[in-house]
Amino acid sequence: MSTLQTTRHAILTTLLALLVGGCGGGGDTAPTPIVVTPPTPVTVSKSQRDAASRFASQMTFGMPYSALDDMARAGDEAWLDAQFALPATFHLPTIDNILARRDAGEFDAFENDIEYLIFARRLGWWHNTITAEDTVRQRVAFALSEIFVVSDRVDVLEVYPYALGQYYDNLLKNAFGNFRQLIEDVALSPAMGVYLSHINNRRADPDNNIFPDENFAREVMQLFTIGLFELDPDGSVRTDANGDPIASYDNDDIGEFAKIFTGLSFGGDGAFFGNTDDPRFYVPMVMFEDQHEPGEKRLLNGTVVPPGLTGIEDINLALDNLFEHPNVGPFIGRQLIQRLITSNPSAAYVQRVAATFNDNGSGVRGDMQAVIRAIALDPEARAAPVNSGSFGKLREPVVRYVELLRQFEVTSPDGFIAPLGYFLQDVSQQHPLSSPSVFNFYLPDHSPAGELSELGLVAPEFQITNSNSIIAYPNFIDAIAFGDFVTDTPDGFEPASLSLDAWVTLAADPAALVEQMDTLLMYGSLSAEMSEIYVNAITELNDNELRVRAAMYWFLTSPELAVKH
């Protein structure tokens with residue numbers, strides 16, 4: 001043994017002796033061996049597992065049963081922090097992969113390139129949303145997409161997969177960022193520029209009857225930041241001496257903001273104002289000063305943008321003006337609560353979230369991570385679920401479908417998970433980034449006629465619920481549960497399937513099957529009466545796989561599951 005080896009051996013021996021307390025004079029006595037005992041796993045109770053499942057139903061697109069124990073052990077705050085720390089799963093790389101595989105000759109199911117380009121963007125959304133680990137970010141981005149609406153109902157946005165892919169990636173990037181950056185990225189997005197027509201928006205030329213387009217200027221206030229009326233911190237509408245709502249802006253304000261958003265066009269190499277033949281959706285819009293409206297602009301709350309600034313400086317001051325408006329916290333906060341937790345949040349809930357928007361505790365305004373944490377961990381969100389008559393929300397079709405695929409761990413041999421066309425056409429009445437207008441698939445204040453309206457409650461998702469969809473949804477679940485018709489990807493893609501083996505083993509005990517499926521799908525909220533009915537019905541079936549499929553069908557078509565509370 002070399003001197004170096006001898007010395008190293010002596011040091012390690014001494015350290016080991018110190019660790020086991022054997023250096024007190026044993027001489028040649030062999031050190032006591034170290035025995036490492038693995039920690040005993042923390043036992044998770046059913047109530048804790050149910051609570052984790054409910055948290056997942058609110059803040060994610062669904063989690064498999066196998067993940068619930070780890071969620072419960074971590075606790076809501078720590079699990080949420082771990083989600084915040086995950087890198088974003090962006091859509092553009094997935095779209096690139098899909099297009100590259102087509103170019104390599106793998107997929108030839110489409111009659112023309114246009115059909116494939118449309119499919120690539122949509123497949124990218126479904127695949128990422130179903131498989132991504134950063135499921136909280138994905139869920140928040142989807143909620144943002146229903147506030148900051150763009151849609152592939154505009155032809156050019158439909159056939160350029162990078163247009164809405166880039167736009168959605170902006171939502172993913174900013175879901176845990178700052179709201180000020182979010183509205184800037186939205187304002188400069190070429191997809192938004194096309195959708196709300198402020199791309200190639202020219203300065204005024206009255207002699208030729210040209211005036212700045214007011215479309216984006218209106219919607220950035222009405223829908224994206226402050227809303228129609230002045231709000232108190234709790235989201236209630238402020239009224240004047242006559243009891244009428246106080247408008248948060250007027251037509252003059254729209255005209256002034258329209259001047260701000262002039263001079264923008266597609267960027268990239270060789271960029272020029274007025275470009276429409278070679279759209280570059282992968283980079284933000286850029287400013288062309290000679291097309292920007294010069295001069296002073298008068299904005300909200302007495303803010304004046306002085307003359308002589310660059311176009312981008314004008315835009316930054318205008319976005320600052322909106323960002324600092326006191327309406328933003330309650331206006332955006334309430335809508336995020338509606339998308340994630342409950343359609344009718346209390347005024348106190350809205351006010352707490354708005355206060356966090358205004359100050360994250362460290363003097364920072366617009367911290368989206370803090371806002372999401374405040375929404376998720378609020379006492380009203382975390383209180384035990386009750387059928388109170390006002391708390392809760394109808395699950396929207398897209399979310400229900402993605403939850404099903406994630407909860408039963410859908411897989412596909414080729415790695416791509418695509419949606420059922422039947423679901424998109426006949427059941428859902430919606431598809432991500434494909435709303436019929438800038439007002440989304442449904443309005444946040446929609447109140448269906450009848451008992452809910454009489455109680456003064458809103459239920460936005462009922463606006464896309466009708467007699468056809470109510471009948472179509474059980475048929476859709478029947479095709480999945482009994483027909484393995486999970487997805488209908490075109491030729492060249494492998495069909496997907498659900499992972500049911502563990503459930504089939506469990507089905508030998510009908511009561512255990514119902515209890516576990518209740519935890520996964522309804523976080524333990526199934527009524528005792530329905531639980532008994534399910535157990536008795538499953539017991540009558542002799543085939544364990546059929547038991548699982550029947551239980552899936554009964555749970556997933558249950559009115560009790562349709563409403564999240």
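## Chatting through a predicted model

User: Nice. Where is N275 placed?

Analyst: N275 lies in the loop that runs between β1 (264–265) and β2 (286–287).

User: And is N275 buried or exposed?

Analyst: N275 is counted as buried, because its relative accessibility is 2%, and the cut-off for buried is under 20%.

User: What does N275 touch, leaving out residues up to four places away in sequence?

Analyst: On that basis, N275 touches N200, S265, F266 and R280.

User: Switching to helices: where does A217 sit?

Analyst: A217 is in helix α12. A217 counts as buried, since its relative accessibility is 1%. Not counting residues up to four places away in sequence, A217 touches I254, F257 and A258.

User: OK, what about α6, how many of its residues are buried?

Analyst: 14 of the 19 residues in α6 are buried, so to speak a mostly covered helix. α6 covers residues 113–131 and reaches 26 Å from first C-alpha to last, close to the 27 Å expected.

User: Last topic, the surface. Which residues make the nonpolar patch of about 230 Å²?

Analyst: L228, F229 and V237 make that patch. F229 is in the loop between α12 (215–222) and α13 (251–260), and F229 counts as partly exposed because its relative accessibility is 34%.

Methods: Residues numbered from 1 in each chain as written. Predicted model: local features only at pLDDT ≥ 70, side-chain atom pairs only at ≥ 80, totals over all residues. Heavy atoms only, no water. Helix = DSSP H or I, 4+ residues; strand = E, 2+ residues; numbered from the N terminus. Expected span 1.5 Å × (residues − 1). Buried < 20%, exposed > 50% of the residue type's maximum accessible area, 1.4 Å probe, protein only. Patch = residues over 30% accessible without salt bridge, like charges linked within 9 Å, V, L, I, M, F, W, Y side chains within 5 Å. Areas by Shrake-Rupley, 256 points an atom, 1.4 Å probe, with all protein chains shown as cover. Salt bridge = Lys/Arg side-chain N within 4 Å of Asp/Glu carboxyl O. Contact = heavy atoms within 4.5 Å.
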